[in-house]
Amino acid sequence: MTTPSRRSTGSRREGVNGTLQPGTDGLPRRRGTTRSLATVNLLLANVSDGVILLDGDGRIVDANAAAERLFGEPVEVGADPAWFIPRYNLATPDGAPLPVERMPSLRALAGESVRSAELSITRPDGSRVFVSISASPVIVHGVIDGVLLILNDISERVRRDREATAFQTLSQQLASSELDLNAVYKTIVTRIAEITGAQVVRLMLYDPASRALRRAAIQALRGMPEEDPGPIALSELTLDALAARTRLPVVVPDFDEFPAGTRPTTSGTGSVPGAAIAVPLIVHSELVGTLSYDLADPHTFDDAEIAFLGMIAAHSAVAIYNATLFQQRTRERAFLADIIDHLPAGLVVFDVVYPTARSGRAAQTDYRVSMLNAQALTYLPARLVERTRTRRHGIVGLRLRRIATDEQSRRLIESLDQAFHGGEIVTGEEVSFGQDESSDDGRTWWNGSIVPLRERAGRISELVLLATDITEQVTTRRRIEELVRIAGTRAAELEATVSAMTGAVTVSDAAGRLRLANSASLATYGVDSLSELLRISGIEERILLRHTDGRPVPPSDRPLVRALGGEALQADYTLFHHALGRDVHRRTSAAPVRDGAGDIIGAVAVETDITSLIEIDRLKDEFFSMAAHELRTPLTAIKGYVQILAKQLARSEQPSPMIDKSLTTLREQSNRMERLINELLDFARVETGQLAFQYSDFNLVGLIEEAVAEAARATQRHRITLQTQHGEITGRWDRDRLAQVFANLLTNSIKYSPDGGAITVSVEWPGTPEGDVTISVRDNGLGIPTQDLPRLFTRYSRVGDSSHFHRSGLGIGLYITKEIVDSHGGRIGVSSQPGQGSTFTVSLPLQPRRTPRPVGAEHDPTVTAPNVPNVRHSTAGQHGQRR
Ligand code: ADP
């Protein structure tokens, strides 16, 4: 086939027979065939395809009405082909500018027959159409004389294709987006904007709680403001709200068609668009939100468009739903992980690793750590944790059997095996995992359980080890056990000690119930065991407790009862023992027992039998009394002769200083002896209640001055001073007896201050007749040990200290002194610090005050007065006088 040659430009104008000529209707026609041409013209005008005829130079000769519609204006006759490209922005369907040589018309002029070339034409009004162009050369006499172009509008098809492609892309993007909600939203609106050429695209999410739509993403193009419409209530007259409410697509093809006031709005832009559409997003019949977009110009949405948007909406809804679900799941996972991390228990999840066929028949199931919290690290076998410390994932992912080489790890595997093979929960109590096996330091104790988890098929896939730290409970319990053991030993030791004691020990609890009585104590009550004693209703049935002066002791005054009240006491009692039928004398010390907080939890009493001591005292009394009487007669004789000798010596012409001195010494010593004998006799009188008093009125200060002067004469090493504000305090007392009192106190002060020093006597008196005179004698001598103070004023009381013992004395001076003071209705007391001196204080009323003798003894037939031994206490004057 020969390719027809192209005719020269000039020849066409000349016209040739049989060639087409442009006519008045713009269509080429053959001369002389006007009728048939008119028919053709009519035909062309009515075909839906665009038809354009070009001449041999490619210039437009004629075009039909359909062609003009496609270009959006009357086609420019005679225009150069190249002119079309910029005029209509000719481009390939994907938007690339069309090169001149690719123009179908020029290709046809070159002899090519072009079939269905696709182009996009942008009309002068800016709208775009896609056309399919077929171009055929018109050959006349073997020469290319022109070109016939046939144009088809394929806009609709192109749009569909593009939609399909866009949809595919969107689906792919949604599927591959990382389930990040915001990314999903953005993808949806961007794609829709691209496909539809909309000026605003909106994705709104429905919030069921507030029954409102909220913006998820908005894409505004072409300079439209991108505003957040805020929450849109479903009741509002906006397209989104309508679509959400009706769950149907809502379409407005032309907003201008609505009468004012009834026009629905779109959300998010201030301006009124040309057209708009909104579709609901629904998943599993749940409203998720709406998708909508605005077009600048009025637009009729056909079913295909609506269906397409519906499809995108359905797809988006699922994507949003999934992403939401995923986000929720992620949050839940994080939450769960948080809980696990903060669990007060240690948690480890082991994956069960089943042996494979390759690993051989003998292979065992292994366990791989798949998850654990921080707590778990403190109880997992130390060596196991240590070995993996340098790994990035720590212990996670490791197979236990491969790394468990130590004893603890093997024990752990055994427990896991047990749970795995038994298929049941295995629990372990007080399991210990020490960092150091050999010591309790840093050792922890756990209560744990291993829970097997099964897959649906029933196979165990995981084992969960849960353990709680009970170190504190265990160590506390152990400490208590140890304390109980120690306490038990101590109690046993104490009991052994107590029962071996010769003193009677009785212990009561806070409620006053007897808890302990040693054998000596039981013996006092004539019973063999404590239970026997407790069975007795009232110990009174066995004994009758009295004070030493014979007064019965009421139950509320019993030593243990007083001790429970918080008092620490020491006192002597006499008790009549019914079983023995005689009196027993006891010295009792009782004190409260306190716990660590200082609360009284019981009381203890220790009693010693002083019956024999009292018997000795009685014998001493008898002896002293007898000796005193026996000594008095020869002493009177000695004193008489000393007097005679002194008189004779005074009259002698040859005075002998030696004899004079000897006689003075003799007089002094016999006086001293006389004082001792008198003291003994007084003592005997006190004991028999025959100490007599002769009261007279005199000045007490004068008497004390004399006593001080007398004492001062007897010592050179002591400075004795008298301090008083009063020159005279007159009252009624027994002068000789009080002289005896002060002499005794001053003699003691001198005697027990062997290193000399100051002795101060002070006299105080308030100056009123009712006010007592208080005389104190203070020295800086040896002092008196505290434990000796309570018994200082009793008979034969001498301080046990060796420094005191060397001084001569009978230990009865203070006893008599107290008796004299008591008889005046006064009081005597002492305060002392060993090594720092003592202060004795006597207070006397101006008139002898007689306190009545306590009653009670008369009612008690068992009192054997006056032989009741009299043991007195430091609480001087407390019981008043004895008679
Ligand atoms: P004595 O004849 O043994 O002095 P007292 O009854 O006068 O007997 O005194 C009893 C005991 O009290 C004395 O043996 C002495 O241990 C102690 N005593 C008395 N007065 C004092 C004092 N001023 N300083 C220290 N100890 C004293």
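**Close-up 1. The hairpin of E31 and E32 in the predicted model.** Three residues lie between the two strands of this hairpin, and Gly835 takes a positive phi near 85°. Strand E31 covers residues 827-833. E31 pairs with E32 in the antiparallel sense, over seven bridges.

**Close-up 2. The shell around the ligand.** The ligand is surrounded by 21 residues. The closest are Asn748, Asp779, Arg798, His804 and Leu814. H21 gives the largest share, with four residues. Sorted by class, the shell holds ten polar, eight nonpolar and three charged residues.

Close-up 3. On its own, the ligand has 530 Å² of accessible area, and the protein covers 98% of that.

**Close-up 4. The second largest pocket.** Its volume is about 1000 Å³. The lining of this pocket counts 31 residues. Nearest the centre are Arg128, Arg159, Ile195, Thr196 and Gly197. Which elements supply at least two residues each of the lining? They are strand E7 (128-140), helix H6 (155-176), helix H7 (181-196), strand E14 (286-295) and helix H9 (303-342). H6 contributes eight residues, the largest share of this lining. By class, the lining divides into 13 charged, nine polar and nine nonpolar residues.

**Close-up 5. The largest cavity.** The model has three cavities of 30 Å³ or more. The largest has a volume of about 180 Å³. It is lined by 16 residues; Phe71, Phe84, Met103, Ser105 and Leu149 are the closest to its centre. Two or more lining residues come from each of strand E4 (50-55), helix H4 (81-88), helix H5 (104-109), strand E6 (114-122) and strand E8 (143-153).

**Close-up 6. An open sheet of six strands.** The strands run in the order E11-E10-E9-E14-E13-E12, with antiparallel pairing. Which strands stand at the edges? They are E11 (232-233) and E12 (250-252). Each has a single partner strand, so one side of each is left without a neighbour in the sheet. Strand E14 belongs to this sheet and also supplies at least two residues of the lining of the second largest pocket.

**Close-up 7. The pairing of E9 and E10.** Strand E9 covers residues 200-207, and strand E10 covers residues 212-220. The two pair in the antiparallel sense over eight bridges. Arg202 has Ile218 in E10 as its bridge partner. Strands of a sheet pair through backbone hydrogen bonds, either parallel or antiparallel. In a regular strand, side chains alternate between the two faces of the sheet.

Methods:
Residues are numbered from 1 along each chain as its sequence is written. This is a predicted model: local features need pLDDT of at least 70, side-chain atom pairs count only at pLDDT 80 or more; totals for chains, interfaces and linings use all residues. Side-chain values use heavy atoms; hydrogens and water are left out. A residue is near a molecule or strand if one of its heavy atoms lies within 4 Å of it. Accessible areas come from the Shrake-Rupley method with a 1.4 Å probe; for residues, only the protein chains shown count as cover. Ala, Val, Leu, Ile, Met, Phe, Trp, Tyr, Cys and Pro count as nonpolar, Asp, Glu, Lys and Arg as charged, and the others, Gly among them, as polar. On a 1 Å grid over the protein atoms alone, a cavity is a set of points where a 1.4 Å probe fits but cannot get out, and a pocket is an open set with protein on both sides within 12 Å along at least five of seven lines; lining residues have an atom within 4 Å of a point. Grid points are joined across faces, edges and corners, and a volume is the space filled by probe spheres set on the points. Two strands pair if DSSP finds at least two bridges between them.
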